[in-house]
Amino acid sequence: MVDFIQTTIDGLSIGSAYSLIALGFTLVFGVMRRINLSYGPSIMLGAFAGTWIFVTLDAQPWLVAAVTVAGTVAVGVYVERVCFWAIRRDAAIASMVSSFVIWMQLEEVATILLPGRTYPFPELFRTGGVEIGPYFFRMEYVTTLTVAILVLVMLRLLLFKTRFGLALRAVSENPAAAAYMGIRPGRVIFRAFVLASLIGGIAGYLLLAADQQVTPYFGLWATFKGLIAMMLGGMGSIPGAVVGGLILGVIESQTQWYLGNAYKDLSSYLVLFMVLVLRPGGLLGQGIAEREAQAFRRI
Amino acid sequence: MLEVRDLVTAYGTIEALKGVTLSAKQGEITCILGPNGAGKTTLMYSIACILKPVSGSVKVNDTEITGTSAPHALRCGIALVPENRLVFHSMSVEENLMAGAYTRLSSDRAGVQADIDNAYARFPSLKDRRAQIAGTLSGGEQQMLAVARAMMSRPKILMMDEPSLGLAPLIVAEIFSIIRQLNDEGVSIVLVEQNAHKALQIANRFYLLDQGRVTFSGTPGEIGEDDFIQRAYLGSKVA
């Protein structure tokens, strides 16, 4: 039982970072009904910028964190301009394909920046952790969970208490109606991209600081984790992204502990498969899926 | 008040408006009638600067607004109640109203709050449902919300696209009495309707639109005199 609770705690901590990545996907998907495959690789390139100043200039961890987040936002803006802004609204497939192409490009840039395979990534705190009763809380997991909760609270306030949040939700629901209100969908989409990249950069830093290393494969890995978490919870649903990320984290850590590392990804794919068969809209995305199905029937 | 001159709007190579000229006078209800595909909705979108016309001009109080942006048209006093209402289903009634005031949300918080209170005074049923998700409202309530939302930008000209579409007769009567009430308060109305009988009862002036052109304009008194229009647009008297 102690083992089970301990692995659940670890799973929730890593899962909270997955939730953040899924949130980035879901924000962009919600606002423009397109998937940005380059999202993970933009985080990876941001992290490479961070590790580059760490390796070459021996920068402080907080500076590495700042550069990682800023780098991710810069790359996110580039991806938005090339793959989404430049491609017409009704050409969702073209956007997705070009975001895949840009993914390859970003990996090339990363390997030019740092030609080796693996680079060290600095952790924020050097202390080991906290023990409460029989349970051990790794310091980097505590940090991840705390930051993730903070980001979520701030995102909620942003979405429900600010003018930008109102515009973002309006565009997510109906870009045409939003435009009649004087909201400029293009600007909202751009800002949603910046916001998603900001959240992605924070998540990327937390995950890599816990691993203490970064490779060019991090982009692929982050896109996988984020997409799976988003689809588990429901595409375009913000609570869905949070729940999906946490569930993915717990499933992974439980199977890793009880069945071994080899079954970690297999089990998460299996759960995703079952969820999509039983609830095609994801766990919390049923409403959105239902609306879209209705719209489709109307056509 | 509103002057539209030789407006041409095209989707690709297809011209939906082929040179429309019309004017809506201050304080009047101007009605645009015409069969499906006549270009009525296109005309509204072009006036509201949501569509960019190929040529022609739209003036509000002698200010040229052609080819500017939807936010600019809103600030010049043009608001649109779109066809099918298009309220934000996942948002609360109050959030819908705030979205309607989006262009002045940051500069005039107090004014927006006052306008929300005004909207509730006008539509008491919305007040009872202020925190309710708009998607759960009835069709009639959604139409009220769409009107209230458009009024949040304090328009001088309210354009309404088929406000009676899909609503029960009793609700339609209510909508029309609201239109009349808004008009009495000094808001100029531009109304697109399929329900021509109903529309002609309240219109001061009407335009017939067919295949992107104005084919007739006049006052409701004149229409009975013209049998052709009667047949073509209001349904033949003999079945």
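Tutor: Start with axes: they are lines fitted to C-alpha atoms, for helices over the stretch in contact, and angles run from 0 to 180 degrees between N-to-C directions. Helices (H or I, at least four residues) and strands (E, at least two) are DSSP runs, numbered from the N terminus. This is a predicted model, where local features need pLDDT of at least 70, side-chain atom pairs count only at pLDDT 80 or more, and totals for chains, interfaces and linings use all residues. Residues are numbered from 1 along each chain as its sequence is written, while chains are lettered from A and ligands numbered from 1 in the order in which they are written.

Student: How do the axes of α1 and α5 of chain A cross?

Tutor: Helix α1 (residues 2–32) and helix α5 (residues 139–161) of chain A have axes that come within 8 Å and cross at roughly 40°. The crossing of α1(A) past α5(A) is left-handed. That word applies if the near helix is turned anticlockwise from the far one by less than a right angle; clockwise is right-handed.

Student: Which residues make the contact of α1(A) and α5(A)?

Tutor: Two residues are in contact if their C-beta atoms, placed from the backbone, lie within 7 Å. Among them are Leu12(A), Ala17(A) and Leu20(A) of α1(A), and Tyr141(A), Ala148(A) and Leu155(A) of α5(A). By class, the residues of this contact are nine nonpolar, four polar and one charged. Ala, Val, Leu, Ile, Met, Phe, Trp, Tyr, Cys and Pro count as nonpolar, Asp, Glu, Lys and Arg as charged, and the others, Gly among them, as polar.

Student: What makes the radius of gyration of chain A agree with a compact globule?

Tutor: The radius is taken over C-alpha atoms, and the globule rule is 2.2 Å times the number of residues to the power 0.38. For 299 residues the rule gives a value near 19 Å; chain A has 19 Å, so the two agree.

Student: What secondary structure do the chains have?

Tutor: Chain A has twelve helices and four strands. Chain B has ten helices and ten strands.

Student: Why is Asp58(A) called exposed?

Tutor: A residue is buried if 20 or more other C-beta atoms lie within 10 Å of its own, exposed if 12 or fewer, and partly exposed in between; C-beta atoms are placed from the backbone. Asp58(A) has 8 within 10 Å, so Asp58(A) is exposed. Asp58(A) sits in the loop between α2 (39–57) and α3 (61–85) of chain A. Its phi is near 55°, a positive value in a residue other than glycine.

Student: Is Leu86(B) buried or exposed?

Tutor: Leu86(B) has 20 C-beta neighbours inside 10 Å, so Leu86(B) counts as buried. Leu86(B) lies in the loop between β6 and α3 of chain B, with phi near 50°, also positive in a residue other than glycine. Most residues other than glycine have a negative phi.

Student: How many residues of α6(B) are buried?

Tutor: Eleven of its 13 residues are buried, so α6(B) is mostly covered. Among them are Met144(B), Leu145(B) and Val147(B).

Student: Which residues do the chains give to their contact?

Tutor: The contact takes 19 residues from chain B and 15 from chain A. On the chain B side, α3(B) gives the most, with four residues.
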